[in-house]
Amino acid sequence: MSTNHYVALPDSSRVPLDGARVIGPADPRAPLTVTVYLRRDPDAPPRPDVYELAMQPPTRRTAPDDEEYAAVHRWRDTDLKAVEAFAGEHHLAVSHENPLARSVQLTGTTEDVSNAFRVTLARYRYRDADDNARIYRGREGAVNVPAGLSGIVTGVFGLDDRPIGANLLIRPAFTDLSLPIAEDVPGLPAGVFLPTDLETPYAYPAGTDGSGQCVAVLAFNGETDPGVPSGGYSADALRTYFAALGRPMPDITNVVIPNVGSTGNDPGRDDGGPLRLDSTGEIMLDLAVVGSLAPKAKIVVYFSKFTEQGWVDVIHRIVTDTVNRPSVISCSYGNAEEGRTMWTPGAIDSADRAFSSAAEKFISICCASGDDGSRDQALDERAHADFPASSPHVLGVGGTRLVVDQGQVVSETVWDDGAGNRTGGGISKLFPVPPFQEGTAVPPSVNPPHAPGRGVPDVAALAAGSTGVVVPSIDGEHLLVTGGTSAAAPMWSALLARVNQGLPGAAQVGFLNPLLYAKFGAGVLRDITKGSNGAYFAAKGWDPCTGLGSPGGQQLLDGLKAL
């Protein structure tokens, strides 16, 4: 293949992070792996309309088998050979071919990879949200590919490793209750919840425990100082915690996404306190909630890194995993759609294509909607929706403040603890109003020119730190309380796993949004009508704070079975 003439890859252009400056070139001899995504074979059978598919009753759907899915999503063999030939011309090794995701990884020296894609890689220094000096490998402008690969290559990720994504936890993230974990849980302060305390107020379906289901939990780490553990979980601490709750230790499996920089399960131990306030805390929270509320579900923790490549690769890997076959994906991370120049449009499009593919396979995806109100940690004083919750192919999960007396709900309002701790939600700038929200009272964006867009969230659950959820410390000795939509998303993930179990004939809820809005927006969920997240206010029906409301699990299962 001639590589003399290059063209820019659409939607790949980069600018530096806000305030970042070049401090020198990237090490030309350092190894570098990029993931290349290819187009779908133009002659492949057409993809189904996932909105029409999702409107079918779960018990009457037929999931594609592996061969049918592969036929629809295949790549063209000549396209792959062209990429392999390009790699050979530039001394790049080809590995980790994933035909279902249409991706391959190319590895070489930084110099060879840079030359192959005609980019200049440099080291950039910037200051993070906590005013710490950080360095990333970055680029400016577009990625370029030979003209012969134009239209064949749809994305190249891994050249730029700026951090993307945040744990959607309250700040400060954890409060030590100064209570030891013993054979049973000691008396808790008024107003806080063990995950199991939510089964009654949220009506998790009776007689279900997640049996036969697999819940995928996203776990991002790898951005650390030398010698500092980057994040993970302690099986011993979780085992002690679940025993105290009277729950079995769930079946937990780890999958590490290759060549994206994740260290895998690396929880460490914090000398300054019982739980690290970073990725370890997030992962422990997700596993404590899912494991408590769906104790017999298999949990697969997919470890990746907070980069564009890490995000895109992990989503595609989960959706195409034919070994573990997740039925629900729980995502407690995100960023403002336009915050600090994080995502390229091409990466957002690739991730959203994977979410749409999940809908074809009847996989549900629950994404936290943010923890900084309508601002969503952006610095421009405008309102922002949080991605990936803003994707129209996921269930965006907002946060509430819940008050319960002996299992009965006394009140539930929009989560707003002040000091930047309140539910995310708003109107997407990236995604138009999806079909399932047409006819719903979704307001235009509060930002000029007040354009319409996908409304976030779809649903909500407990997130307030003031009525938080109790989880174990990494050492398994203390109880901690935390909150955030990071807690609400796994609550919904566990709920949908149990609803799946309760459906006859191994049916799966899958992409719930179309049926939820069309059939169950009223009378199934608890409508939250009081509170605000800053720019938006709760109201009767759908609103950009708590969506359609908080769970009515048994009612949802009954409604789906009756379709």
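In strand β15, V328 is the bridge partner of V215. This comes from a predicted model, where local features need pLDDT of at least 70, side-chain atom pairs count only at pLDDT 80 or more, and totals for chains, interfaces and linings use all residues. Numbering starts from 1 along each chain as its sequence is written, and side-chain values rest on heavy atoms, with hydrogens and water left out. Strands here are DSSP runs of E with at least two residues, numbered from the N terminus, and two of them pair if DSSP finds at least two bridges between them.

On to the pairing of β12 (residues 214-221). With β15 (residues 328-331), β12 pairs in the parallel sense over 3 bridges. Strand β14 (residues 298-305) also runs parallel to β12, and 8 bridges join the two. In β14, the residue opposite V215 is I299.

As for cover, 8 of the 8 residues in β12 are buried, meaning under 20% relative accessible area with a 1.4 Å probe and protein chains only. In a regular strand, side chains alternate between the two faces of the sheet. Here C214, A216, L218 and F220 point one way, while V215, V217, A219 and N221 point the other way, and all are buried.

Then there is L462, which sits in strand β25 (residues 459-462). L462 counts as buried because its relative accessibility is 1%. Neighbours within four places in sequence aside, its contacts (heavy atoms within 4.5 Å) include F193, L198, Y202, T400, L402 and M491. L168 lies 294 residues from L462 along the chain, and their C-alpha atoms are separated by 13 Å.

How values were computed: Helices (H or I, at least four residues) and strands (E, at least two) are DSSP runs, numbered from the N terminus. Buried means under 20% relative accessible area, exposed over 50%, partly exposed in between (1.4 Å probe, protein chains only).
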